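Open the model in your viewer and keep the sequence panel beside it. The stops below say what to select and what is there.

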Amino acid sequence: MTQLFDKYAPLQARVDMMMKIGQDALGVKFDDIISATRGRIGNREILLAGTNNYLGLTFDADCVEAAKTAIDNHGTGTTGSRIANGTYTEHVDLEKAISEHLGMPSCIVFSTGYQTNLAAISGLAGDKDVIFMDADAHACIIDGTRLTNASTIRFRHNSPEDLDKRLRRQGEIEGGNALVVIEGMYSMFGDIAPIDEFLDVTHRHGGYLYIDEAHSYGVFGPTGCGIAEAQGVLDKVDFISSTFSKSLASIGGFCASIHPEFEITRKVMRPYMFTASPTPSNVSAALAAVSKIKQGGYLRDNLTSRAEQLHKGLSEMGYDLCAAASPVIAVRRPNEAVAAMEWNWLMENGVYVNLAVPPGTPQSSSLLRISLSAAHSETDINAILSAFQGLKDNQGSMMQAMAAKMQAAE
Amino acid sequence: MSHPSDDEIYNKICELLKPYNPKNHPINRSSGIMSDLEVDSTAVFDIIMGLEDHYDISIPMEMVSDIKTVGELGNAIKELTAEN
């Protein structure tokens, strides 16, 4: 007879392999978070280069003060959903601020970024609609489609031509519509969507375009609205979603629309209706961050400079990088074991990046993924580059150490 | 493309599976695509897109989630090409 957890045996074998090499890269425990770019484990200070803290606002004095004031005024939690416990002034203020920022008449906030896409996609797509989803879409988009009864078709990553072909193949959608879902900047490789081209294809076929700007809101565009603004097409996009847990340095998310009718979905989105609404402090911190984003050209300029510095340095060392310079820089490694070994070496040398492995990565790739922050200095980037140079210089001894650890574990 | 035979579909699936089967697990109609051949979920969808293009059909994700074996994938393609 099989036991409940037997199905995880192959996964457990992968985790065991990782633990033989070093520590669990997916379960790092920090003893302290000191700033937007520094943590501490034991006595070792760690340079944080994998936390998606793109604008470095987690310790911003105005955001911290806004969160503290909200707790003083309205308490630590909402203890329920907005349909049960009502809406706080903080929720209304934030929805209004994002609506104005994006120039869209409707905006709804959610308790997490993950729930944002679950809720909005499941609210928008009905039984007769067809969802067309980029092949590299994030798990929360995939899971959002699973909450619908709509048919879902994948198209090749970042290819408007492939979308066009699949929309043509689908033909007339009887009694329904096409909802095309893409991302602004993709989280693993840091590559950017040609939104202007996707808009053209989608609207030519009578569909609606939904863009998840989780990794790009606050980071791109003259006023930080994201990739659609940077490409000059923001006013034509049907739906934009994003999270508060990256550039907004809080937790939660939003979906905004040029269609005022989007408001009706508040009455049908289960991940909105049946979970507690975001806390006053999280919402207030995000609201303070929105005003920082609007005036945050200097933050974006610094982030761009640091990204170009790191991308250039790693390229010159001969590393295989997955995309052009952006705040996410992914270094492709030959396999999971090598990537895990190198990730451990970087940690031991004071640099935290993300170990990203299949199936969470495109093209079944194993990656050392770096996400940069406007709070990183030129010196910080030099430290990251120095660590990656160290990886190259110490490959031999690293391989020997790994072999010895594997042998000792057997 | 109209009404391919079972064997033609099976051979095409095997051809597309090949790059995702580096351990050279033997493939037959009862092989579990993820369980036996160890093809990860992302790669499964890449194979599906290749089949969609080859046969000019749409294989929706909700249909893919019910397909476990090479044979079941072949049957699904047979049905979808018959509708064309």
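Two residues are in contact if their C-beta atoms, placed from the backbone, lie within 7 Å. Keep that cut-off for the whole tour. This is a predicted model: local features need pLDDT of at least 70, side-chain atom pairs count only at pLDDT 80 or more, and totals for chains, interfaces and linings use all residues. Residues are numbered from 1 along each chain as its sequence is written, while chains are lettered from A and ligands numbered from 1 in the order in which they are written.

**Stop 1: chain B**

Select chain B. In chain B, 58% of the contacts with a separation of 6 or more are between residues 24 or more positions apart. Color by secondary structure. Chain B has four helices and zero strands, in the sequence pattern α-α-α-α. The radius of gyration of chain B is 12 Å, close to the 12 Å that the globule rule gives for 84 residues, so chain B is as compact as a globular protein of that length. (The radius is taken over C-alpha atoms; the rule is 2.2 Å times the number of residues to the power 0.38.) Helices here are DSSP runs of H or I with at least four residues, strands are runs of E with at least two, and both are numbered from the N terminus.

The C-alpha trace of chain B spans about 35 × 25 × 20 Å along its principal axes. Of its 84 residues, 21% count as buried. A residue is buried if 20 or more other C-beta atoms lie within 10 Å of its own, exposed if 12 or fewer, and partly exposed in between, with C-beta atoms placed from the backbone.

Now pick Glu38(B). Glu38(B) sits in the loop between α1 (6–17) and α2 (41–55) of chain B. Its phi is near 60°, a positive value in a residue other than glycine. Glu38(B) is partly exposed, with 15 other C-beta atoms within 10 Å.

**Stop 2: where the chains meet**

Show both chains. 14 residues of chain A are in contact with eleven residues of chain B. On the chain A side, β6 (151–155) and α7 (160–170) each supply at least two residues. β6(A) gives the most, with four residues. The chain A side divides into five nonpolar, five polar and four charged residues. (Nonpolar means Ala, Val, Leu, Ile, Met, Phe, Trp, Tyr, Cys and Pro; charged means Asp, Glu, Lys and Arg; the others, Gly among them, are polar.)

**Stop 3: chain A as a whole**

Chain A has 15 helices and 14 strands. Its radius of gyration is 22 Å, close to the 22 Å that the globule rule gives for 410 residues, so chain A is as compact as a globular protein of that length. The C-alpha trace of chain A spans about 60 × 55 × 50 Å along its principal axes. Buried residues make up 52% of the 410 residues in chain A. Among contacts in chain A between residues at least 6 apart in sequence, 70% join residues at least 24 apart.

**Stop 4: the seven-stranded sheet**

Which order do the seven strands of the open sheet in chain A take? The order is β4-β10-β9-β8-β7-β5-β6, with mixed pairing. (Two strands pair if DSSP finds at least two bridges between them.) The edge strands are β4 (106–110) and β6 of chain A, and each pairs on one side only.

Select β4(A) and β10 (253–257) of chain A. These two pair in the antiparallel sense over five bridges. Cys107(A) stands opposite Ala256(A) in β10(A).

Move to β9 (239–243) of chain A. Five of its five residues are buried. Phe239(A), Ser241(A) and Thr243(A) point one way, and Ile240(A) and Ser242(A) the other way. In a regular strand the side chains alternate between the two faces of the sheet. β9(A) runs antiparallel to β10(A), joined by five bridges; Thr243(A) stands opposite Gly253(A) in β10(A). β8(A) and β9(A) run parallel, joined by three bridges. There, Ile211(A) has Ile240(A) as its bridge partner.

**Stop 5: two loops of chain A**

Select Asn52(A), in the loop between β3 (44–48) and α2 (61–74) of chain A. Asn52(A) has a positive phi of about 55° although it is not a glycine. Asn52(A) is partly exposed, with 19 other C-beta atoms within 10 Å.

Finish at Pro359(A), in the loop between β13 (354–356) and β14 (366–371) of chain A. A cis peptide bond joins Pro358(A) and Pro359(A), with omega about 5°.
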